[in-house]
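Please open the model in your viewer and keep the selection tool at hand; the stops below move from a single side chain to the covalent cross-links.

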Amino acid sequence: HDIEAPELLDVVLTSGLLKDGVWFVATETAVVRAFVLDAVGAIAAVLVAGEPAASVAGAYERVVTLPEGPASLAVTAVDTMGNAADASLDVFRDGVPPVCSVEPLPKDGWTSAGAVTLSGRSDDAGVGGGHVELAAEGLSEPNVPVADGGAFAFDVPLPPVDGALAIVTHCVDALGNRSGSVATELHKDTASPVIAGPLPVPGVVGPSAQIVSVSVTDADPKTAVRFQRDADAPVDAALDGGRFAAAVVPPSEDGPFTVHVTAEDRAGHVATLALDYTRDGTGPALGAPEVVGSVARDGVLWVGSAKALVRVVAADAPSGVAAVSVAGPLATAAMGFQNGAYESLVDVPDGASSPFAVRAVDGVGNETVRTITIAPDLTPPSCVLDALADDGWTRLPSVQLQGSAVDLGVGGVLVELLVGDLGTGLGPEEGGFGRAVTLTAEGDTTLQLRCEDALGHVAESTVQVVHFDRRRLS
């Protein structure tokens with residue numbers, strides 16, 4: 001008589017991983033093994049998931065097909081008297097690899113250190129656990145275990161030479177499911193940037209904003225470059241044509257200032273360069289222009305030809321005089337330096353007076369301009385001696401002369417009366433004049449006016465003859 005049910009001693013999978021009472025397998029099929037004991041009778045059958053299991057070496061086994069994810073398998077043992085015992089086996093088919101992620105490295109992976117720390121996560125919906133595999137050229141690293149919760153971290157020693165290094169990471173769960181690769185790029189950089197070739201070259205600059213540029217040599221293509229004038233806020237430089245450039249505004253007053261250039265790469269190296277400049281916002285010192293051989297009248301420089309030699313003294317500090325020119329109505333001429341001054345021969349238009357601009361430019365573009373007025377006077381003055389009364393016959397010892405000397409140009413006419421072969425100065429006079437001339441001897445005496453303007457143009461009047469006759473008629 002047997003009323004005792006068989007005893008299911010143990011139900012296991014022949015392969016897989018038991019975790020928290022659940023069997024995890026990565027394969028689609030698995031072998032369920034049941035150990036059964038019946039104290040009185042004999043075992044008639046063992047059913048696994050409703051299908052009979054085969055007796056194998058003192059146990060009962062059956063191959064089952066598992067769906068992806070969790071499942072529960074029913075196991076039933078029945079003896080020859082019909083007594084039955086039931087059990088269940090919780091399984092989890094996990095054929096999906098974990099999701100592997102690596103945290104981005106600071107500074108885009110650029111470092112000067114001998115090692116870096118990689119950290120990340122291995123997120124797995126199944127068995128979890130496992131380890132992380134690391135592969136890098138020239139490096140051999142052990143597997144790194146994954147902590148509870150899926151986090152991992154490990155130090156990666158870097159090779160002794162500078163350059164790029166690709167680290168390939170795979171996450172593997174406890175069943176061997178292997179994730180795709182996650183590549184992390186490192187750049188070992190132990191060299192500092194090199195700053196060179198500043199433009200403009202340190203020295204004197206003008207008052208306007210200066211585009212200052214430098215060349216920077218560094219392994220990092222994203223090296224940050226900044227310019228700072230004295231204690232002002234730094235200005236980020238832009239890469240333009242292979243050079244880093246930024247606009248720098250000089251101080252408001254003339255004098256020295258410094259532009260500090262800083263180059264910092266992503267590996268943390270910093271290079272600096274100080275550029276010393278001097279602001280020059282003042283034009284050259286320009287003396288009063290003169291016209292050689294001219295005569296000044298009421299602000300006009302009169303010349304006696306169609307050309308004028310303009311001369312001026314110019315000096316500049318600290319950038320020096322770069323050019324001096326004179327611009328008139330007809331042309332602009334550069335002024336050459338000689339005998340301590342700048343000079344140029346210019347054409348003077350015929351007719352009215354004309355302005356001429358004398359311009360001095362220093363080495364940074366500052367200019368000083370002075371304007372002069374030049375007028376040509378190419379003709380002599382008018383010179384007229386009025387006809388004598390009575391055709392010049394007189395019995396008196398003196399004669400009254402009337403005449404005129406007018407100049408339409410420079411003026412300043414000097415009038416000389418020529419009495420016979422002698423000259424008697426009567427000037428300088430312009431316009432009408434009258435003068436009594438004493439006659440010292442009887443007979444004929446010639447009289448003539450000689451008129452000369454301030455530029456040396458000479459004119460002579462017609463000759464008049466005075467007849468001094470004291471004799472009475474007989």
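Begin by selecting R33, which is found in strand β4, residues 29-37; strands here are DSSP runs of E with at least two residues, numbered from the N terminus. Before going further, bear in mind that this is a predicted model, in which local features need pLDDT of at least 70 and side-chain atom pairs count only at pLDDT 80 or more, whereas totals for chains, interfaces and linings use all residues. Residues are numbered from 1 along each chain as its sequence is written, and side-chain values use heavy atoms, with hydrogens and water left out.

With R33 still selected, colour by accessibility: R33 is partly exposed, at a relative accessible area of 29%, where buried means under 20%, exposed over 50% and partly exposed in between, computed with a 1.4 Å probe on protein chains only. Next, show the surroundings of R33, which touches D10, V11, V12, T14, A59, Y60 and E61 when residues up to four places away in sequence are not counted; contact here means heavy atoms within 4.5 Å. Among these, pick E61, whose side chain makes a polar contact with the side chain of R33 at 2.4 Å (a pair of N or O atoms within 3.5 Å; within protein, one must be able to donate a hydrogen and the other to accept it, and residues adjacent in sequence count only if both atoms are side-chain atoms).

Now turn to the cysteines. How many disulfides does the structure hold? There are two, a disulfide being a pair of cysteine sulfur atoms within 2.5 Å, and with bonded cysteines counted along the chain they follow the pattern 1-2, 3-4.

Select C100 and C171, which are joined with an S to S distance of 2.1 Å. C100 lies in strand β11 (residues 99-102) and C171 in strand β18 (residues 163-172), so this pair ties together parts that are 71 residues apart in sequence. The torsion about their S-S bond is about 50°, so the disulfide is right-handed, and both C100 and C171 are buried.

Finally, select C383 and C451, joined by a disulfide with an S to S distance of 2.0 Å. C383 belongs to strand β41 (residues 382-385) and C451 to strand β47 (residues 443-452), so the pair ties together parts that are 68 residues apart in sequence. The link of C383 and C451 is right-handed, with 65° about the S-S bond. C383 is buried, with a relative accessible area of 11%, and C451 is buried too, with a value of 0%.

Technical notes: Helix = DSSP H or I, 4+ residues; strand = E, 2+ residues; numbered from the N terminus.
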